[in-house]
Amino acid sequence: MKKTKKWVAALLLLCIGSGLSAQPLPTEERNETYDHRMEWFGKAKLGIFIHWGIYAVRGVSESWSFYNDYLPYEEYMKQQGGFKAEKYKPEEWVKLIKESGAKYTVITTKHHDGFALWDTKAGQLSAKKTSAAKRDLLTPFTDEVRRQGLRLGLYYSLLDWSRDDYPNKTKTTKRYDIKDDPARWQSFCTFNFAQLKELNSTYKPDLYWFDGDWEQSAEDWNSKGIVELLRTPNPDVIINSRIQGYGDYATPEQGVPVVRPKEKYWELCYTMNDSWGYQPTDTNYKTPQMLLRSFVDCLSMGGNMLLDIGPKADGTIPPRQVEILKEFGRWTSKHKEAIYETRAGIPAEHFHGGYTTLNREGNILYLYLPNRPNGPIELKGIANTVHRAWVVGNGSMLNHKVYNKLYWSSVPGIVYIDVPEECLDEQITVIAVLLDGPVKLYRGEGQVISVN
């Protein structure tokens, strides 16, 4: 008998709350629960990642600068004295993020250096206790995210290179082995659970973005226990893949996938330049067009993009990053029908432009044109009849014509669509093609005339 979502959630809570291990649900129920949880994420398409911490003071690599021995640990931690956040205006941050077209945002509550943006009671390093800011910087931001109607994601590093009870400190310094000192490791795990419980009860996020899982096994992290801890009060919280096999979606980093990832849901986390946090010497910014091309590439493969910004230590967002977010906002506002209610498109060989998506019903095909077409654009292998084509965000109806459709052949003709110069967007033009039903593709090798 099919169970309702509420019944399933209640069963999980009962099992966890009673101290029993949550047993795997039947496949049908498990898939139903999972799809319900992931529904908003699948429609969100664009999120904004925020890397903000003491590393912004000198503009060094976040945590890695001391881990890789580029900077002594003590020098790295001195940056707490310059982390003032004196111009921090979270309402303006969130307004800009929302303007970009993003539906969710993920902020670094604590990176691998152990410095927490919130007023943690479990640890000693925090914006309020040990930085010049002398206040909780996370809560005002999360309040604004909720107030302005975005989904909230919290980044949390499972490892903590500053803790004396964590095994590793730098790539050349190790404190101890877990197998040799399990009590010390348990002390760290107790701390980790305490911080996660604080975040979970205080902020009730929609998503957790874990990082740092590579240093230990799922068993050592107690990944299963972490997920149960977080989902006990919040069964719908989404968890990324970096928790040793217990996550909901994949997170390829920097490198855009060439083929669609095998996971049903995935997200490309991506920088505007070459750095996650603020580094004034890194001026290697991609253009808005380059970033939008990567974005539509993700859309065409059914994924999301999590685009990163790195605020300065004073709490301001670098002008180049602001400009990019505003241009994203212009483009996403104009083309929203071809973004948020779409799914992965058709194989690239059917459209010479490469990037396509489909609406949920599958009868509108969206074509993304990052370059100015030299003549009509071309669709091949479309077995449907094309009813009409138009420019998204512009409304101009476009002329189209079918060539090479022979009455005796099952091979579809080639659809050519004229796109006038005056209809082109300054970044990426989007064409909508209405079909006579859900898209049907011819995937054969062509047909030869046979003579009997």
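Predicted model: local features only at pLDDT ≥ 70, side-chain atom pairs only at ≥ 80, totals over all residues.

Trainee: How do you know that the span of helix H8 agrees with its number of residues?

Mentor: H8 (residues 182-203) has 22 residues, so it should span 32 Å, and its end C-alpha atoms are 31 Å apart, which agrees. Its buried residues, among them Trp 185, Phe 188 and Tyr 203, pack against elements including strand S2 (104-110) and helix H7 (138-147). Just after H8, Lys 204 takes a positive phi of about 45°.

Trainee: Why are H11 and H12 called oblique to each other?

Mentor: Helix H11 (residues 288-300) and helix H12 (residues 319-334) pack at about 50°, with axes 10 Å apart. Angles under 35 degrees count as roughly parallel and 65 to 115 as roughly perpendicular, and H11 and H12 are therefore oblique. Their crossing is right-handed. The contact includes Leu 291 and Phe 295 of H11 and Phe 328 and Trp 331 of H12. By type, the contact residues divide into eight nonpolar, one polar and one charged.

Trainee: What makes Ala 85 count as buried?

Mentor: Buried means under 20% relative accessible area, and Ala 85 has 0%, so it is buried. Ala 85 sits in the loop between helix H4 (73-77) and helix H5 (90-99), and its phi is near 55°, a positive value.

Trainee: And why does Lys 134 count as exposed?

Mentor: Exposed means over 50%; Lys 134 has 62% relative accessibility, so it counts as exposed. Lys 134 lies in the loop between helix H6 (127-130) and H7, also with a positive phi near 55°.

Key. Residues numbered from 1 in each chain as written. Heavy atoms only, no water. Axes fitted to C-alpha atoms, helices over the stretch in contact; angles between N-to-C directions. Helix = DSSP H or I, 4+ residues; strand = E, 2+ residues; numbered from the N terminus. Parallel < 35°, antiparallel > 145°, perpendicular 65-115°, else oblique. Left-handed = near helix turned anticlockwise from the far one by under 90°. Contact = heavy atoms within 4.5 Å. Nonpolar A, V, L, I, M, F, W, Y, C, P; charged D, E, K, R; others polar. Expected span 1.5 Å × (residues − 1). Buried < 20%, exposed > 50% of the residue type's maximum accessible area, 1.4 Å probe, protein only.
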